[in-house]
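Please keep the sequence and the model in view while reading.

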Amino acid sequence: MGHKNLASLTIDTTKYLAECFDIKVKFQKSSDIKVDGKKAELLARICKEINAKTYISPVGSSGYIDASDVFQEQGIEVLYNDYSHPKYSQLHNKEFISHLSGIDLLFNIGPESRKIIASGFRLPYPHELKSWNKFFISDIPLIFKPKHID
């Protein structure tokens with residue numbers, strides 16, 4: 001499992017952590033999707049290309065997404081996830097250090113890590129999105145589509 005660059009290591013680590021946290025999704029690099037554009041236009045085009053009906057975005061992107069009509073024009077629903085980072089017990093830390101990594105969570109909590117991650121979502125957890133056809137979550141440069149939704 002050699003890595004030519006940091007991106008390939010990050011992708012493999014993300015896939016490994018998803019497996020550890022029992023998050024069953026199909027991963028697809030957005031760079032493999034042949035669309036162009038910037039900001040909201042690019043995101044909407046990616047959603048359209050993969051037939052996503054809903055785009056889930058971090059709240060921090062709302063400024064440029066709300067300033068554009070591109071999602072509405074494409075008939076794509078936009079939802080914002082205001083993730084509230086949950087606290088958990090960290091070995092060797094008297095005070096909780098937020099936003100370290102999934103690896104920190106896994107090593108400190110183990111099998112209960114998935115529940116901790118899910119507790120921070122302010123939207124339905126992806127596993128619960130059975131009623132949605134397809135969706136695209138943007139926070140890292142990967143597309144997530146649940147395997148049970150096609």
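H1 crosses H5 in a left-handed sense; a crossing is called left-handed when the near helix is turned anticlockwise from the far one by less than a right angle, and right-handed if clockwise. Helices (H or I, at least four residues) and strands (E, at least two) are DSSP runs, numbered from the N terminus. H1 covers residues 6-20 and H5 residues 102-109. Two packed helices are described by the angle between their axes and the distance between the axes. For H1 and H5 the angle is about 35° and the axes are 10 Å apart. Axes here are lines fitted to C-alpha atoms, for helices over the stretch in contact, with angles running from 0 to 180 degrees between N-to-C directions.

Thr13, Leu17 and Cys20 on the H1 side meet Gly102, Ile103 and Leu106 on the H5 side, where contact means heavy atoms within 4.5 Å. Sorted by class, the contact of H1 with H5 has four nonpolar, two polar and no charged residues. In this scheme Ala, Val, Leu, Ile, Met, Phe, Trp, Tyr, Cys and Pro count as nonpolar, Asp, Glu, Lys and Arg as charged, and the others, Gly among them, as polar.

The model is a predicted one, in which local features need pLDDT of at least 70 and side-chain atom pairs count only at pLDDT 80 or more, while totals for chains, interfaces and linings use all residues. Residues are numbered from 1 along each chain as its sequence is written, and side-chain values use heavy atoms, with hydrogens and water left out.

The loop between H1 and S1 holds phenylalanine 21. Is phenylalanine 21 buried or exposed? Phenylalanine 21 counts as buried because its relative accessibility is 6%, the limits being under 20% relative accessible area for buried, over 50% for exposed and partly exposed in between (1.4 Å probe, protein chains only). Leaving aside neighbours within four places in sequence, its contacts are Gly102, Leu105, Leu106, Ser113, Arg114 and Ile117. Phenylalanine 21 and leucine 106 are 85 residues apart in sequence, yet their C-alpha atoms are 8.2 Å apart. Aspartate 22 belongs to the loop between H1 and strand S1 (25-29). Aspartate 22 has a positive phi of about 55° although it is not a glycine, and at a relative accessible area of 40% it is partly exposed.

Further along, helix H2 (residues 39-49) has Ala40, Leu43, Ala44, Ile46 and Cys47 buried. These residues lie on the same side of H2, because they cover an arc of only 160° around the axis; the arc is that of the directions from the helix axis to the C-beta atoms. An α-helix has 3.6 residues a turn, so residues three or four places apart point the same way. Asparagine 51 follows H2, with a positive phi near 65°. Asparagine 51 lies in the loop leading from H2 to S2 and is partly exposed, with a relative accessible area of 45%.

Strand S2 (residues 54-58) includes tyrosine 55, which is buried at 0% relative accessibility.

As a whole, the protein chain has six helices and five strands, in the order α-β-α-β-α-α-β-α-α-β-β. Of its 150 residues, 35% count as buried.
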